[in-house]
4 protein chains.
Amino acid sequence: MDNWRQRLYIIIFHTDTPAGQRFDNWLLLTILASLVVVMLDSVSEVHIQYGAWLKGLEWLFTTLFAIEYGLRLYCSPKPLRYAFSFYGLVDLLAVLPAILALLFADAQYLLIIRVIRMLRVFRVLKLSPYLRQANFLLTALRGSRQKITVFFASIATLVTVFGTLMYVIEGPGNGFTSIPKGIYWAVVTLTTVGFGDIVPKTVLGQALSTLVMITGYSIIAVPTGIFTAELASAMRGSDQHKHSCPSCAKDFHEPGAAFCNRCGNPLYPRRSASD
Amino acid sequence: MDNWRQRLYIIIFHTDTPAGQRFDNWLLLTILASLVVVMLDSVSEVHIQYGAWLKGLEWLFTTLFAIEYGLRLYCSPKPLRYAFSFYGLVDLLAVLPAILALLFADAQYLLIIRVIRMLRVFRVLKLSPYLRQANFLLTALRGSRQKITVFFASIATLVTVFGTLMYVIEGPGNGFTSIPKGIYWAVVTLTTVGFGDIVPKTVLGQALSTLVMITGYSIIAVPTGIFTAELASAMRGSDQHKHSCPSCAKDFHEPGAAFCNRCGNPLYPRRSASD
Amino acid sequence: MDNWRQRLYIIIFHTDTPAGQRFDNWLLLTILASLVVVMLDSVSEVHIQYGAWLKGLEWLFTTLFAIEYGLRLYCSPKPLRYAFSFYGLVDLLAVLPAILALLFADAQYLLIIRVIRMLRVFRVLKLSPYLRQANFLLTALRGSRQKITVFFASIATLVTVFGTLMYVIEGPGNGFTSIPKGIYWAVVTLTTVGFGDIVPKTVLGQALSTLVMITGYSIIAVPTGIFTAELASAMRGSDQHKHSCPSCAKDFHEPGAAFCNRCGNPLYPRRSASD
Amino acid sequence: MDNWRQRLYIIIFHTDTPAGQRFDNWLLLTILASLVVVMLDSVSEVHIQYGAWLKGLEWLFTTLFAIEYGLRLYCSPKPLRYAFSFYGLVDLLAVLPAILALLFADAQYLLIIRVIRMLRVFRVLKLSPYLRQANFLLTALRGSRQKITVFFASIATLVTVFGTLMYVIEGPGNGFTSIPKGIYWAVVTLTTVGFGDIVPKTVLGQALSTLVMITGYSIIAVPTGIFTAELASAMRGSDQHKHSCPSCAKDFHEPGAAFCNRCGNPLYPRRSASD
């Protein structure tokens, strides 16, 4: 019996056996199908015609995911640790909304949370290179965290000031009905989205919004520059082999280096017979 | 006879003889003209007045391209290999739609596929430097393939979650008639396009879309950073320092290397005072 | 008495004691609350229902800030220097508009200037790393000042020329009622904001605006490139290689340097075989 | 007499004397004023009220510029060379449109060409650093010319294909009245401008435009990456002193270097007494 449980564990949790690979492929397809069902059900023409069918399918998927969740808990060697891991919580969230939907009408849309389960796709693809790349991106983001905080604080200040100024200049008559609305407009404009639902009509307002637009157009350079510089330095660091030269302390060397190319001393001194 | 076929081959397939150059120039002009004809024919005022003329021209161009395709098949030393090459298929596609248009009314617009033939323009310009540059770009893209996959997967997840949330918050009354529509809106907003055909009207919706816009405005830094870092490293990689080590003959070294990092001997012996 | 004044000084001006930290936290919360009150008061539904309450709160906050300003003046060892420092002026501006609002109806919105006081948030967070990062950004901006001036001068010229051309081409009938309006449109388009309030309708106008859009889409690369290159060099500059030359004591060298480029002696003598 | 002509030449053409500086300052102010007059005259309310005044001012400025042009021709040592130089032609263009305006009503707007004269502003500011920075930008642009050609060729192809597809999918009923209009829409969308004057209405059209938007959002990385990489390499190149080491051929050295820091040999060998 225990043997069976372990085989199940390998199928469900590992992807390096053919059975495990097949399981994960089917799981991804099922998740995708359940997402499509939720989406289709939200289109009113489809809902009217096939509503009952889709509801049935939704319950089928929910049952499948509930069974899967149960099996994962059953066969995992450390069920509690799984239950509170990131994937464990996501797996639970894939089941819960359907039950909540019995009580609250809109809760079914929470099913879209299943999209997060799609992250498993990286486990089906050859895993490690993708994770390593995602790690690069995260390292770069973490390295630039403080610069980015400074940047967002400046953006928030700019947007508040510009939004208030536009509210004072344009006034409720031109769609700027309150300061929060002005700030919303400032965000729409500064990020160069430009919906056009609220638009300056006075000459002064247009002059100011010219300033906002030029600002937004230019300071996009700041997060881009920060991230690029961090990423380039993260990638350069990993290209080379980190091992301090015992003679001159040069830190990075080509992967196959035997001698330091700055001072010519061996990187890994041979122990003499007398050592 | 065979001699004539070979001369034709050189004119049609090569660009390094004056005749070949002239042939390619005329071919490009003809392709451009045929594109303009297709475009003009789609403007209804022009179609009403000059429809018959344009149809005639279209058939003329199609005949010309058909003849060219025949000649290419005839004079190519390996006709099958040409027929299934990239350019061979594109040349065929430049002729087919006109014939399909006899059966299906809209098929003529497929003629716009001829725009791909314009890629021949790089053969008329001095070829190699452009290809080398295109290669740089492709190398950079290939090098960042996995990072870009991670990026697009995140975008897809973000867009699905935001689109569903907006559908739940705003509802069909404000234009968000279904989840797919919400996702369409999320893409329009996240990419900072901002058509303004669907726009949040509730306070909560505007607050959430502020978040979407700031996200879209900031994460543009990610593909830019990835591509820039890759391109910089691709360009740096091409100016690796080539200098054979006088002791062990290792060929490539870091630009600043003074000693060979394989054998530890100096790469550039110092001139003795007696030199 | 003087002792009390000094303790007050430490609480108000320093953040490294628990009391000072607590004071700054409360101050930030108060500033945030006063900002929210100003914003809420601008929403007409809220203003009608709770206008009197909000006015009361506004006066409460103004009184608090006036007291704080008085205390700062009182306990600062150099009151005049504080009064004319950046923070001193901002603190004064946080109080003044409320008094002006007694005379001019709209002056209350100037209260939003208090948002600048939020910059104190960096004093509450661990200060120095943020300042150092902000310094990096400022260094990069200062280093690229001239390039950026050239860039903005080009943008201003482009926008004026395009705006005038569009005014001549489209004319007042299509919304381009004057040259300044044309310039406003050119800014909206070049920065890729694209409100859609003014839109080209003639074929020639659409062709020209295609050019403007492609230009705007491409030259965003210029400020980004400038800032990224400057930032990368500012970050690289900070990890210059420090190692005193054993012969001439020159302190800084290129990262890969093997020999001192002032005296020509090796920076890292090779260990002899007998070592 | 000749002496007077030479003094005039120094005042008008040079900026390094106080008189020359003053002349250029006044010239810039006059050009700016003449631009403002043209702009104001295009605002219909202003035109109705002050049209006659503005016309008078316009003629005054035109007369001033004509006199200036005459003086430049008169005092230049090589009048023909000036007349056909870039600045000479621009100076002529600043006068001509006013004369053309006597014949054609709209020609007066060509006066906006005077904006190009504003480029003289770089001569008044300390000239050389700005020119050097502009040179950096131009070097970077020239270095990436071929990559940028490849990029624009791809954009043109993409836009043509997408525009035609949208015309076929959406059709004239939804605003896509012709292929050129479809291409206009594709440019508006790909560049993330998003006016919203033409908008996809069918589900298939919205799906395709999602693809266009994501493409546009992503490939902005390409010109940015190209330009940044080129600019960084242009700036790095200028940081250092180019002089090939006679022993090891290392190309770039610190400005004060006397010895090559790679091979330790002198960069500038002393001539021995026997030379």
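What we have here is a predicted model, in which local features need pLDDT of at least 70 and side-chain atom pairs count only at pLDDT 80 or more, while totals for chains, interfaces and linings use all residues. Residues are numbered from 1 along each chain as its sequence is written, chains are lettered from A and ligands numbered from 1 in the order in which they are written, and side-chain values use heavy atoms, with hydrogens and water left out.

Let me begin with chain A, where the unreviewed UniProt entry places "transmembrane region" at residues 26–44, 94–116, 148–170, 182–199 and 211–229, bearing in mind that such annotations may be inferred rather than shown by experiment. Residues 26–44 of chain A are 95% helix and 0% strand, with end C-alpha atoms 29 Å apart; for residues 211–229 of chain A, at 95% helix and 0% strand, that distance is 28 Å.

Turning to the interface, 52 residues of chain D and 54 residues of chain C are in contact, meaning heavy atoms within 4.5 Å. Chain D and chain C bury about 4,400 Å², 69% of it on carbon and sulfur atoms, where buried area is the accessible area (1.4 Å probe) lost on putting two parts together, summed over both.

Between chain D and chain C there are 0 salt bridges, a salt bridge being a side-chain nitrogen of Lys or Arg within 4 Å of a carboxyl oxygen of Asp or Glu. On the side of chain D that touches chain C, H12(D) gives the most, with 8 residues, helices being DSSP runs (H or I, at least four residues).

Note on methods: Helix = DSSP H or I, 4+ residues; strand = E, 2+ residues; numbered from the N terminus.
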